[in-house]
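Here is a short report on one protein chain. Look at the fold first, then follow the text through it.

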Amino acid sequence: MAKKQVNKKRKLGLFDFEERYKRDPKGFIFRTVCSLVATVFGILILLPDFKALRQNAVFFLLMRVFISCVVLYFAWLSNHRPEVLSAKIAISAIAPLFWMSFFDLSGKIILLIWLIVCWALIVYTICLRIITGENYVSLTSITVGFSCIMMLTGLSDYTYLDSPGALHFWVLPLILSIACGVACIILMWSGLLVLKEDSKGNRIGWVVIFLFAFFFMFITTAYHLNYALDPEPPQTSTVIITQKEIRSAGKSTSHDLHFWYDGEERVLEVGRDDYHDYEIGDRFEIEICQGAFGKAFIKQK
């Protein structure tokens, strides 16, 4: 009996395909197919030669079908799916978000809906963990992954007129993140939040992680809301590209276009396809947004 328990707990290596299939045939096949499809999509997205294909409506549709299927699988069919119906519905709520571009909605409205769903999912996951003590792998993983992708997407679009390289809106997010850290300490101390390894060092580590995670979430939310809640329509301007630059920082690569606006040289990060579409001396359209929180910025039209 003891031997069986050891074998059950044995960690599988990356290439233990046979054992992985025996433990979860359905999941193994699904993950393999998803990995292959994701690899194909990744190649088509990254290589410049497939630009025409990326702009095709069929490719756009298939991408959303694939993402929606992955989300719904982990909500309803995976071995790690949540047991409670509300958690399944919470995960499933992500899938329709990828189809919102088909509706006649402004970019600001779509962004607000994404933010609302993102924060609702975060609050629900935390409350479920505190109230019931449940920690569903699929729910937690999808919540963390979706939140990071949601908050980072489009963040580089905002080039602020005042101190473009500075950190904006950081005061309130810092206060809120500290409050969340204090709440985390109280929950641990009261026994409402129990860690798997409930040691002093582990508690301190998780509090620090929560502090940084919530600060990231609050400050990126502020960046997005500065655009999404701006009541003023953006002003359009045409500028001349003076320089192109590709910057690499570790695994991250940014494609920048330089131009002069309002007597100063500005730098705007654009997508890879847009970067290759424009040359030095070309005209480039930008939008100047005043910002809901009084921080004006430039973004690509």
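## A side chain against the backbone

Which backbone oxygen lies 3.1 Å from a polar atom of the side chain of asparagine 226? The backbone oxygen of lysine 295 does. A polar contact here is a pair of N or O atoms within 3.5 Å; within protein, one must be able to donate a hydrogen and the other to accept it, and residues adjacent in sequence count only if both atoms are side-chain atoms.

Asparagine 226 belongs to helix α10, residues 200–228. Helices (H or I, at least four residues) and strands (E, at least two) are DSSP runs, numbered from the N terminus. Asparagine 226 counts as buried because its relative accessibility is 0%. Buried means under 20% relative accessible area, exposed over 50%, and partly exposed in between, with a 1.4 Å probe and protein chains only. Leaving out residues up to four places away in sequence, asparagine 226 touches Tyr160, Phe169, Gly291, Ala292, Phe293, Gly294, Lys295 and Phe297. Contact means heavy atoms within 4.5 Å.

Threonine 220 is also placed in helix α10. Threonine 220 is buried because its relative accessible area is 3%. Beyond its neighbours within four places in sequence, threonine 220 contacts Met151 and Leu155.

## Model and confidence

This is a predicted model: local features need pLDDT of at least 70, side-chain atom pairs count only at pLDDT 80 or more, and totals for chains, interfaces and linings use all residues. Residues are numbered from 1 along each chain as its sequence is written, and side-chain values use heavy atoms, with hydrogens and water left out.

pLDDT is the predictor's confidence in each residue, from 0 to 100. Its mean over the protein chain is 88, and 94% of residues reach 70 or more. Over residues 1–8, pLDDT stays under 50. The model has two contacts beyond four places in sequence for that stretch. Where pLDDT is low, the predicted coordinates should not be read in detail.

## Overall build

The protein chain has eleven helices and six strands. Its C-alpha atoms fill a box of roughly 75 × 45 × 40 Å along the principal axes. Of the 301 residues, 33% count as buried. Among contacts with a separation of 6 or more, 60% join residues 24 or more positions apart.

The chain exposes about 18500 Å², and carbon and sulfur atoms supply 66% of that area. Accessible areas come from the Shrake-Rupley method with a 1.4 Å probe; for residues, only the protein chains shown count as cover.

## Helix α6 and its cover

Which residues of helix α6 (85–92) are buried? They are Ala87, Lys88, Ala90, Ile91 and Ser92. Their cover includes α5 (57–76), α7 (107–132) and α8 (137–152).

## Two positive phi values

Most residues other than glycine have a negative phi. Phenylalanine 169 has a positive phi, near 60°. This residue sits in the loop between β1 (159–160) and α9 (171–190). Phenylalanine 169 counts as buried because its relative accessibility is 18%.

Aspartate 262 has a positive phi too, of about 55°. Its loop runs between β3 (252–261) and β4 (264–270). Aspartate 262 counts as exposed because its relative accessibility is 62%.

## An exposed alanine

Alanine 52 is part of helix α4, residues 51–54. Is alanine 52 buried or exposed? Alanine 52 is exposed because its relative accessible area is 62%. Its C-alpha atom and that of tyrosine 278 are separated by 16 Å.
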